[in-house]
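Please keep the sequence and the coordinates at hand.

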Amino acid sequence: MKGMFGRLVCGLLGGGLMGVALHASPAVALSEEDLLDKFAKVPVFVLVDSSGGYITPISDPPNDGLGNVALLQVFFSEADVVSFVEDIRTDNPRFNQGGSVGVVDLATVHRLAREDREIPLKLIFIPQEDDFEAAVALDSEFGGAVSSSLVPLFALQDASGNYLPLSVSRDSESSEAEEAETIFSMFFSKQDADNVLNTLQQSNPDLSQVSVGVVSLADVSSDFLSTDNDAFQMIRFLPDSEVINHIQGLDLE
């Protein structure tokens, strides 16, 4: 996927996220299913047992008022979940000897958490460490007191901090011609966002004021569900290209 960015990006359009006029039809409230449709394109990694079931230890986290919950830890890179397991096994060699790493999508884990259960399922997101550090470098107050569990997203923005839409080309399913599409790109990888911005600025020096900003996945999701502006339909969550390349190399039948 990283190699596709240079081919896909055609140009940068003016205007912030809230100011883009797509068409004259009235804005329609966006649903949770609309959001989950976008999450379905984002791979995540979880721990599974020898039978393929999710490993969800029971806990009573302090200060959440939920009582006992089943915790499903959701990682955004396989390397992070493997490192997590290795650290636990160092302290407890008998931990999950028959377990392994499973790959699902972000929509699937959200739907699991919505299911009625005797013990509710709580998702614990584990952001990639280097991207979390990059987020804090961009915004020292990123996430505040709960920042360790927030997943950063990186977006192109103008000097005022408005998100900027990209004009991208994609192959048409009905012909060999390419079709143009306008999107707001939300990158899970700071490096991917930097690569796209560098490509744009090399081709157009007038874009020197454009930069990479950071926002949390939780905030974008909340805004998506609480606004009637159909510009949010153009948001595209772009997974880390290295993760995509790795998954494409796996034998996942």
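The lining of the second largest pocket draws at least two residues from each of β6 (121-126) and α7 (217-226). Helices (H or I, at least four residues) and strands (E, at least two) are DSSP runs, numbered from the N terminus. A pocket is found on a 1 Å grid over the protein atoms alone, as an open set of points where a 1.4 Å probe fits, with protein on both sides within 12 Å along at least five of seven lines; lining residues have an atom within 4 Å of a point. The model is a predicted one: local features need pLDDT of at least 70 and side-chain atom pairs count only at pLDDT 80 or more, while totals for chains, interfaces and linings use all residues. Residues are numbered from 1 along each chain as its sequence is written, and side-chain values use heavy atoms, with hydrogens and water left out.

The volume of the second largest pocket is about 260 Å³, where volume is the space filled by probe spheres set on the grid points, which are joined across faces, edges and corners. Its lining consists of 12 residues, and Leu 123, Phe 125, Ser 149, Leu 150 and Ala 218 are the closest to the centre. Sorted by class, nine of the lining residues are nonpolar, three are polar and none is charged. Here Ala, Val, Leu, Ile, Met, Phe, Trp, Tyr, Cys and Pro count as nonpolar, Asp, Glu, Lys and Arg as charged, and the others, Gly among them, as polar.

Ala 218 belongs to helix α7. Ala 218 and Leu 153 are 65 residues apart in sequence, with a C-alpha to C-alpha distance of 9.6 Å.

The chain as a whole has eight helices and 11 strands. Of its 253 residues, 41% count as buried. Contacts (heavy atoms within 4.5 Å) with a separation of 6 or more come to 73% from residues 24 or more positions apart.

In soluble globular proteins, nonpolar side chains tend to be buried together. A nonpolar core is a set of buried Ala, Val, Leu, Ile, Met, Phe, Trp, Tyr and Cys residues joined through side-chain atoms within 4.5 Å. The largest one here has 35 residues, and Leu 106, Val 109 and Phe 237 have the most contacts inside it. Helix α4 (residues 106-114) gives the largest share of this core, four residues. Beyond residues up to four places away in sequence, Val 109 touches Val 44, Val 46, Leu 72, Val 74, Val 104 and Leu 123.

Aromatic rings come next. Rings of Phe, Tyr and Trp (its six-membered ring) pair if their centres lie within 6.5 Å; planes under 30 degrees apart count as stacked, over 60 as edge-to-face and the rest as tilted. This rule gives seven aromatic pairs. Phe 39 and Phe 237 form a tilted pair, because their ring centres are 5.3 Å apart and their planes stand at 50°. Phe 39 is in helix α2 (residues 32-39) and Phe 237 in strand β11 (residues 235-238), so that the pair links parts of the chain 198 residues apart. Phe 39 is buried at 2% relative accessibility, and Phe 237 is buried at 5%. Phe 237 also pairs with Phe 188: the centres are 6.5 Å apart and the planes at 55°, so this pair is tilted. Phe 188 sits in the loop between β9 (178-187) and α6 (190-203), so its pair with Phe 237 ties together parts 49 residues apart in sequence. Phe 188 is buried, at 7% relative accessible area. Ring pairs join Phe 39, Phe 76, Phe 125, Phe 188 and Phe 237 into a cluster.

Two further buried residues complete the reading. Ser 185 is in strand β9 and is buried at 6% relative accessibility. Apart from neighbours within four places in sequence, Ser 185 is in contact with Phe 154, Ala 155, Leu 166, Arg 236 and Leu 238. Pro 43 is in strand β2 and is buried at 12%. The C-alpha atoms of Pro 43 and Ile 244 are separated by 7.9 Å, across 201 residues of chain.

Methods
Buried means under 20% relative accessible area, exposed over 50%, partly exposed in between (1.4 Å probe, protein chains only).
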